[in-house]
Amino acid sequence: MNSVSCITAGRRKNAVARIKISDGSGKIIINNKTIDEYFGGLERLKKTALKPFDFWNGVRDYDFYVNVKGGGISGQAGAISHSLARAILKLNEPSKAVLKKEGLLTRDPRMVERKKPGRPKARKRFQFSKR
């Protein structure tokens with residue numbers, strides 16, 4: 001069994017991704033599936049999830065085991081990206097400036113607004129009737 005190098009977590013919307021990194025050959029496993037199986041043919045989401053690797057060339061030295069839950073598939077891709085950026089930061093401290101400049105270390109706080117009582121949706125109102 002390979003030794004675990006680090007464990008990081010990333011979040012976006014209601015999705016939470018936890019990554020375990022161990023020495024290996026560069027494979028990426030998400031919820032016991034390959035990244036192609038997990039995201040299917042959605043290239044945009046794969047690109048979003050793997051964006052931190054564009055700024056780091058040590059990918060081939062480690063294996064990445066991702067456990068992601070909550071939210072939708074787009075939020076999960078953002079959560080994976082956030083936790084990968086945090087993991088790269090732990091493994092390679094000098095890459096912080098580049099990752100920060102690209103906005104990969106910032107958690108995206110936008111979430112769905114809650115529904116308010118007396119309204120059909122969060123902000124929508126019932127039609128006003130004068131008489």
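Mentor: Asn67 lies in strand β5. The model is predicted.

Trainee: Why is Asn67 called partly exposed?

Mentor: Asn67 has a relative accessible area of 37%. Buried means under 20% and exposed means over 50%, so Asn67, at 37%, is partly exposed.

Trainee: Which residues does Asn67 touch, leaving out those up to four places away in sequence?

Mentor: Asn67 touches Val16, Ala17, Arg18 and Asn31. Contact here means heavy atoms within 4.5 Å.

Trainee: What makes β2 and β5 a pair?

Mentor: Two strands pair if there are at least two bridges between them. Eight bridges join β2 to β5, so the two strands pair. They run antiparallel, and Ser22 has Asp63 in β5 as its bridge partner.

Trainee: How do you know that β1 and β2 pair?

Mentor: By the cut-off of at least two bridges. Strand β1 (residues 4-12) and strand β2 (residues 15-23) have eight bridges, in the antiparallel sense, and therefore count as paired. Ile7 stands opposite Lys20 in β2. The hairpin of β1 and β2 has two residues between the strands, and Lys13 takes a positive phi near 50° there.

Trainee: Where does Leu50 lie?

Mentor: Leu50 is in the loop between α2 (43-49) and β5 (62-69).

Trainee: Why is Leu50 called partly exposed rather than buried?

Mentor: Buried means under 20% relative accessible area. Leu50 has 23%, so Leu50 is partly exposed. Not counting residues up to four places away in sequence, Leu50 touches Ile28, Ile35 and Leu84.

Note on methods
Residues are numbered from 1 along each chain as its sequence is written. This is a predicted model: local features need pLDDT of at least 70, side-chain atom pairs count only at pLDDT 80 or more; totals for chains, interfaces and linings use all residues. Side-chain values use heavy atoms; hydrogens and water are left out. Helices (H or I, at least four residues) and strands (E, at least two) are DSSP runs, numbered from the N terminus. Buried means under 20% relative accessible area, exposed over 50%, partly exposed in between (1.4 Å probe, protein chains only).
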